[in-house]
Amino acid sequence: MVPAGKRKNGELCASTKSKELLKYVLQMSNSEKTFPKRARWNTVDPMCKMAWHIFHDISLANGILVQSEQDAEERIRLQKDAVKYAITLAETADVLYEVYNVPTQKLEALTSLIVETQNAIRKWMYSDKKSYRDKFPASNSPYFAK
């Protein structure tokens with residue numbers, strides 16, 4: 001067995017985490033016990049859209065076969081966009097907690113999924129930047145700066 005500190009994340013860790021996050025947000029938003037119907041369109045809908053954006057951007061980034069600097073830049077841009085949506089989703093969840101008294105247990109689970117997704121994306125970005133720096137050593141791109 002490999003010690004926990006030496007284990008590597010799976011190749012699709014960010015994709016898996018973003019899918020788990022999306023599923024949880026969709027399930028949570030359908031519960032009338034969590035959010036009243038009047039809150040669905042004006043507050044919960046944007047939260048679902050952010051989760052969809054995270055999943056969408058990660059899926060697109062994962063589908064890019066990097067063969068040029070432009071491909072690498074596009075992939076990293078999509079990863080950055082996903083992180084931005086995750087940050088916004090976390091802030092939105094905090095506001096919804098205050099306004100609608102979302103159960104603490106559900107908010108903790110949501111926050112945990114958001115943080116895990118962000119961390120997986122950031123690790124993936126770091127790994128990509130490192131490998132692209134080696135693959136495109138003459139690049140002037142700010143994405144590959146040390």
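This is a predicted model: local features need pLDDT of at least 70, side-chain atom pairs count only at pLDDT 80 or more; totals for chains, interfaces and linings use all residues.
Q: Why is Q79 called buried?
A: Its relative accessibility is 0%, and buried means under 20%, so Q79 counts as buried. Its place is in helix α3.

Q: What is Q79 in contact with, leaving aside its neighbours within four places in sequence?
A: You'll find A61, I121, W124, M125 and D128 there. Contact means heavy atoms within 4.5 Å, so each of these five residues has at least one such atom pair with Q79.

Q: What makes the span of α1 close to the expected one?
A: α1 has 17 residues, and from first C-alpha to last it reaches 24 Å.

Q: Which residues of α1 are buried, and what covers them?
A: The buried ones are C13, A14, S15, K17, S18, L21, L22, Y24, V25, M28 and S29. Their cover includes α2, α3 and α4.

Q: Which elements give two or more residues to the largest nonpolar core?
A: That core has 39 residues, with L21, V25, F35, M47, L89 and L110 having the most contacts inside it. The elements are α1 (13-29), α2 (40-63), α3 (69-100) and α4 (104-135). α3 gives the most, at 10 residues.

Q: What is M47 in contact with, once neighbours within four places in sequence are set aside?
A: M47 has V25, M28, F35, L89, T92, L96 and L110 as its contacts.

Definitions and conventions:
Residues are numbered from 1 along each chain as its sequence is written. Side-chain values use heavy atoms; hydrogens and water are left out. A nonpolar core is a set of buried Ala, Val, Leu, Ile, Met, Phe, Trp, Tyr and Cys residues joined through side-chain atoms within 4.5 Å. Buried means under 20% relative accessible area, exposed over 50%, partly exposed in between (1.4 Å probe, protein chains only). Helices (H or I, at least four residues) and strands (E, at least two) are DSSP runs, numbered from the N terminus. The expected span of a helix is 1.5 Å times one less than its number of residues.
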